[in-house]
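I opened the notebook to go through ring pairs, the core and one loop. These are my entries.

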Amino acid sequence: MSALHLSAGSNRPAPVDGKARLYSMKFCPYSHRARLILTLKNVPHDIVNINLKSKPEWYFEINPNGKVPTFVDVDGKVVDDSLAIANYLNERYPEPPLYREETKARDIELIDKYGVITSLFGACIHKRDTRPLQEIVGEIIGHFVAYEEELGKRGTIFFGGTEPGMLDVLMWPWVERAKALPLAFDQPLNFDKEKFPHLMKWINGMKGQKFVQKNFGPFEAFAKVIKAQDDVDYDSI
């Protein structure tokens, strides 16, 4: 794993024999999704972090749009976009399977709906949405009601049943970062945990997973990234 985020003017790292590669950014929740699945499935890989404010010229040869994450498998196959990577990894490395046939269709529907939450979160942290923080978070919380109700119907800690599945993994990066918002914006948030008992159990369950712990990022650090905006130095945080 590159300890630093590689920038314009850097040399392209040579591939590592027998290992896939994930091009990532330490604080990116979409890259976090890919890191979680790679860890959960024990896929041999290395990670190269990309400075998104000063992207290496060679990175555009791998992914012309310059975004992260990008996954390069051992056979050279390139996959970008976090959802595409997640589904590719689940098929290419089938153990453990991240969908159950009886809930797969509903999981895919809820993954699609989760895009509304990630969009609201992104607009908030990048300050494209100038509404008061509590108003934005209130809208986000409203969308989480469907997930609270779904867990209640399933009667399990995880959406995947006794173990986390695809929906659990793809939701997690934004939940892990939620505590960064009041710190980054210096505004208190009102969140009634008692209205979301199933999701609170889910959060505690996810925190106990080794693959989550191995990829944990302190919310205090993410808050610094939000505050810095375009002046962020990923490697100093």
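**Entry: a buried Phe pair.** The model is predicted. I began with Phe121 and Phe222, and both are buried. I then looked up how many aromatic pairs the structure holds. The count is 14.

**Entry: Tyr114 and Trp174.** I took the ring centres of Tyr114 and Trp174 and got 6.1 Å between them. Their planes stand at 75°, and over 60 degrees counts as edge-to-face, so I logged the pair as edge-to-face. Next I asked where the two residues lie. Tyr114 is in helix H4 (residues 104-125) and Trp174 is in helix H6 (residues 166-177). The pair therefore ties together parts that are 60 residues apart in sequence. Is Tyr114 buried or exposed? Tyr114 has a relative accessible area of 1%, so I put it down as buried. For Trp174 I read 4%, and Trp174 is buried too.

**Entry: back to Phe121 and Phe222.** The ring centres of Phe121 and Phe222 are 6.4 Å apart. Their planes are at 25°, and under 30 degrees counts as stacked, so this pair is stacked. Phe121 belongs to helix H4 and Phe222 to helix H10 (residues 219-228). The pair links distant parts of the chain, 101 residues apart. I also checked for a charge over the Phe222 ring. Arg177 lies over the face of Phe222, 5.2 Å from the ring centre.

**Entry: the cluster.** I listed the members of one aromatic cluster. They are Tyr30, Tyr114, Phe144, Tyr147, Phe159, Trp172, Trp174 and Trp202.

**Entry: the core.** In soluble globular proteins, nonpolar side chains tend to be buried together. I turned to the largest nonpolar core, which has 74 residues. Which residues touch the most other members? I found Phe144, Tyr147, Leu181 and Trp202. At least three residues of this core come from each of domain 1 (20-92) and domain 2 (103-228).

**Entry: Asp75.** I ended on a loop residue. Asp75 sits in the loop between strand E3 (70-72) and strand E4 (78-80). Asp75 has 54% relative accessibility, so I marked it exposed. What does the side chain of Asp75 reach? It reaches the backbone nitrogen of Lys77, at 3.0 Å. I also took the C-alpha distance from Asp75 to Gly18 and got 9.3 Å. In sequence, Asp75 and Gly18 are 57 residues apart.

Conventions
Residues are numbered from 1 along each chain as its sequence is written. This is a predicted model: local features need pLDDT of at least 70, side-chain atom pairs count only at pLDDT 80 or more; totals for chains, interfaces and linings use all residues. Side-chain values use heavy atoms; hydrogens and water are left out. Rings of Phe, Tyr and Trp (its six-membered ring) pair if their centres lie within 6.5 Å; planes under 30 degrees apart count as stacked, over 60 as edge-to-face and the rest as tilted. Helices (H or I, at least four residues) and strands (E, at least two) are DSSP runs, numbered from the N terminus. Buried means under 20% relative accessible area, exposed over 50%, partly exposed in between (1.4 Å probe, protein chains only). A charge sits over a ring if NZ of Lys or CZ of Arg is within 6 Å of the ring centre and within 35 degrees of the ring normal. A nonpolar core is a set of buried Ala, Val, Leu, Ile, Met, Phe, Trp, Tyr and Cys residues joined through side-chain atoms within 4.5 Å. Domain bounds come from an automatic or database domain assignment. A polar contact is a pair of N or O atoms within 3.5 Å; within protein, one must be able to donate a hydrogen and the other to accept it, and residues adjacent in sequence count only if both atoms are side-chain atoms.
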